[in-house]
Amino acid sequence: TERTLILVKPDGVARGLIGKIIDRIETKGYVIEALDLRTASQETLAAHYAEHEGKPFYQPLVDLMSSGPLVAIVASGEGVIKGWRSLAGTTDPTTAAPGTIRGDFGRDWGTAVQQNLVHGSDSPESAEREIAIWFPEA
Ligand code: GTP
Ligand code: MG
């Protein structure tokens with residue numbers, strides 16, 4: 001069965017939304033296979049966000065992602081990659097649909113990078129690549 005890498009980003013942890021976000025994963029019926037609260041290293045973030053290196057929001061993104069603890073999760077279930085991104089909502093929380101995590105709990109805080117609470121892998125290849133970065137033992 002399909003797996004994906006989910007992050008409750010540091011802004012989500014700081015806002016006290018870990019429980020609500022995990023509730024969405026479980027209520028939808030996905031299975032949590034691994035879960036860890038940790039502060040991400042620079043090496044992990046450089047590998048995870050390699051595709052965004054050189055973009056204007058790259059350094060603000062890495063700074064945000066290393067600003068405090070985050071929750072890294074491997075979740076599984078049929079269609080979980082697309083399904084989780086659908087629950088998360090579109091990247092920009094200002095216009096993310098109501099009912100989604102970003103639409104319900106996110107907003108623009110005027111920062112250089114969008115603070116949008118969660119991450120989800122965007123393809124099976126990304127999922128396996130990212131799971132290997134965050135949970136090398138999995
Ligand atoms: P993730 O699930 O976090 O990967 O979100 P995503 O797939 O919707 O976005 P993407 O992978 O394209 O970008 C990673 C993160 O960079 C986003 O979640 C945002 O925090 C930030 N980001 C992406 N695009 C922009 C942008 O155009 N402007 C700003 N300010 N931040 C961006
Ligand atoms: Mg992405």
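Helices (H or I, at least four residues) and strands (E, at least two) are taken here as DSSP runs, numbered from the N terminus. The model is predicted.

**Whole chain.** Start with a cartoon view of the protein. Reading from the N terminus, the order of elements is β-α-α-β-α-α-β-α-α-β-α. In total there are seven helices and four strands. The radius of gyration is 14 Å, close to the 14 Å from the globule rule for 138 residues, so the protein is as compact as a globular protein of that length. Along the principal axes, its C-alpha atoms fill a box of roughly 35 × 35 × 25 Å.

**Core.** Next, colour by burial; 33% of the 138 residues are buried. In soluble globular proteins, nonpolar side chains tend to be buried together. Here the largest nonpolar core has 28 residues. Select Ile6, Leu7, Leu70, Ala75, Trp84 and Val118, the residues with the most contacts inside this core. Then show the elements that each give two or more residues to the core: strand 1 (3-8), helix 2 (18-28), helix 4 (58-65), strand 3 (70-76), helix 5 (80-88) and helix 7 (124-134). Strand 3 provides the largest share, six residues.

**Leucine 70.** Stay with strand 3 (70-76) and centre on leucine 70. Which residues does leucine 70 touch, not counting residues up to four places away in sequence? They are Leu7, Val8, Lys9, Pro10, Val13, Arg38, Ala40 and Met65.

**Histidine 119.** Move to strand 4 (residues 118-120), where histidine 119 is found. UniProt lists His119 under "active site", in an unreviewed entry. Is histidine 119 buried or exposed? With 23 other C-beta atoms within 10 Å, against a cut-off of 20 or more, histidine 119 counts as buried. Leaving aside neighbours within four places in sequence, the contacts of histidine 119 are Ile6, Leu7 and Lys9.

**Ligand 1.** Finally, select ligand 1 and display its surroundings. His119 is one of the residues around ligand 1, together with Phe57, Leu61, Thr91, Val113, Gln114, Asn116, Gly120 and Asp122. Colour this shell by residue type to see three nonpolar residues, five polar and one charged.

Methods: Residues are numbered from 1 along each chain as its sequence is written. Chains are lettered from A and ligands numbered from 1 in the order in which they are written. This is a predicted model: local features need pLDDT of at least 70, side-chain atom pairs count only at pLDDT 80 or more; totals for chains, interfaces and linings use all residues. UniProt positions are given in the numbering used here, feature names are shortened, and annotations may be inferred rather than shown by experiment. A residue is buried if 20 or more other C-beta atoms lie within 10 Å of its own, exposed if 12 or fewer, and partly exposed in between; C-beta atoms are placed from the backbone. Two residues are in contact if their C-beta atoms, placed from the backbone, lie within 7 Å. The radius of gyration is taken over C-alpha atoms; the globule rule is 2.2 Å times the number of residues to the power 0.38. A nonpolar core is a set of buried Ala, Val, Leu, Ile, Met, Phe, Trp, Tyr and Cys residues joined through C-beta atoms within 7 Å. A residue is near a molecule or strand if its C-beta atom, placed from the backbone, lies within 6 Å of it. Ala, Val, Leu, Ile, Met, Phe, Trp, Tyr, Cys and Pro count as nonpolar, Asp, Glu, Lys and Arg as charged, and the others, Gly among them, as polar.
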